[in-house]
Amino acid sequence: MFPHRLASSLLALVLLIGLVASAAGASIESSAPAGPSPSVPPSESVAPSESALPTPTPVPTTRVVPVLMYHRIGNPPAGARYPGLYVAVSSFRAQMNWLYMHGFHPITAAELGVALRYNRPVPIRSVVISLDDGRPDSYTAAWPILAKYGFRATFYVIPGLTRFTVGSRISWAQAATLAAAGNEIGNHSMTHTSLWLVHGAALARQVVTAGKVIETRLASLGVTYKVTTFCYPYGHWTGDALLLLRDAGYNAAFTTQYGRAVIGSTNRLLVPRLRVDRSLSLAGFAYRLPH
Ligand SMILES: [Zn+2]
């Protein structure tokens with residue numbers, strides 16, 4: 001049994017015991033004979049003494065959150081332009097297993113965005129798993145492994161290149177399935193254009209309209225969804241893009257710059273990530289994460 005499932009089972013058990021105890025308490029009170037008890041003053045019988053209350057155990061938190069950046073999961077085809085972007089399935093599986101064995105629990109970029117925006121620490125050993133570009137292997141290769149470990153991830157899709165059927169990108173139906181399973185579908189711009197090259201209405205289309213298209217497409221498939229994070233194509237950002245994101249209500253935007261997110265310090269619209277590429281060893285992967 002996975003620890004998080006064990007934890008939720010324990011939580012459910014504790015809640016159940018609490019409900020049974022309170023129900024039992026109610027029935028005892030209602031069936032108690034009228035009139036004060038001769039030995040116990042009524043005030044003490046209803047209010048437990050302070051020393052009897054259990055001390056709540058604080059959940060350890062952290063402000064440092066690694067955001068892993070993946071692109072392709074699989075082997076590069078012959079002549080691939082960027083073979084380094086392909087992480088072998090066996091490597092991806094070993095990396096997810098490492099996270100699981102070391103007690104890491106993935107949160108979505110959206111959840112990190114809320115923490116960054118409102119300066120709230122997150123549970124210790126939180127990590128974000130992000131997969132850029134919405135390629136079919138995100139769904140066919142990465143998602144089954146993530147699901148096996150009970151992990152959730154953030155899938156940055158490109159709405160202008162995404163169709164209702166699977167092509168060079170996952171389909172909207174697959175995106176809806178991922179969203180319904182608790183994953184995040186993030187905005188990776190309308191057509192994966194460098195934001196250095198577009199201005200005005202064209203920039204707004206890449207940034208703001210793209211997010212609305214994701215929401216509309218998912219809604220057409222029955223998934224109500226609010227897009228709250230953005231991922232800059234090629235890591236290229238501009239001041240105008242930051243203003244658009246801020247005014248559109250985005251909580252966070254992610255670059256390709258190397259680094260970890262630090263809640264209370266990192267600019268939430270310029271969040272660095274940790275690139276995971278084909279040549280990264282498991283030791284190198286572990287080194288990127290807090291120990
Ligand atoms: Zn990209």
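At what angle do helix α3 and helix α5 pack, and how far apart are their axes?

1. Helix α3 (residues 89-101) packs against helix α5 (residues 136-148) at about 25°, with the axes 10 Å apart. That makes α3 roughly parallel to α5 (angles under 35 degrees count as such). Helices here are DSSP runs of H or I, at least four residues, numbered from the N terminus; axes are lines fitted to C-alpha atoms over the stretch in contact, with angles from 0 to 180 degrees between N-to-C directions.

2. Before going on: this is a predicted model, where local features need pLDDT of at least 70, side-chain atom pairs count only at 80 or more, and totals for chains, interfaces and linings use all residues. Residues are numbered from 1 along each chain as its sequence is written.

3. Who touches whom? Val-89, Phe-92, Arg-93 and Met-96 of α3 meet Ala-141, Ala-142, Ile-145 and Leu-146 of α5 (contact means C-beta atoms, placed from the backbone, within 7 Å).

4. Now α7 (residues 200-220) and α8 (residues 239-247): their axes come within 10 Å and cross at roughly 45°. That makes α7 oblique to α8. On the α7 side, Leu-203, Ala-204, Val-207 and Val-208 meet Asp-240, Ala-241, Leu-244 and Leu-245 of α8.

5. On confidence, the chain's mean pLDDT (the predictor's confidence in each residue, from 0 to 100) is 87, and 82% of its residues reach 70 or more. Over residues 1-42, though, pLDDT stays under 50, and the model has 8 contacts beyond four places in sequence for them. Where pLDDT is low, predicted coordinates should not be read in detail.

Technical notes: Helices (H or I, at least four residues) and strands (E, at least two) are DSSP runs, numbered from the N terminus. Angles under 35 degrees count as roughly parallel, over 145 as roughly antiparallel, 65 to 115 as roughly perpendicular and the rest as oblique. Two residues are in contact if their C-beta atoms, placed from the backbone, lie within 7 Å.
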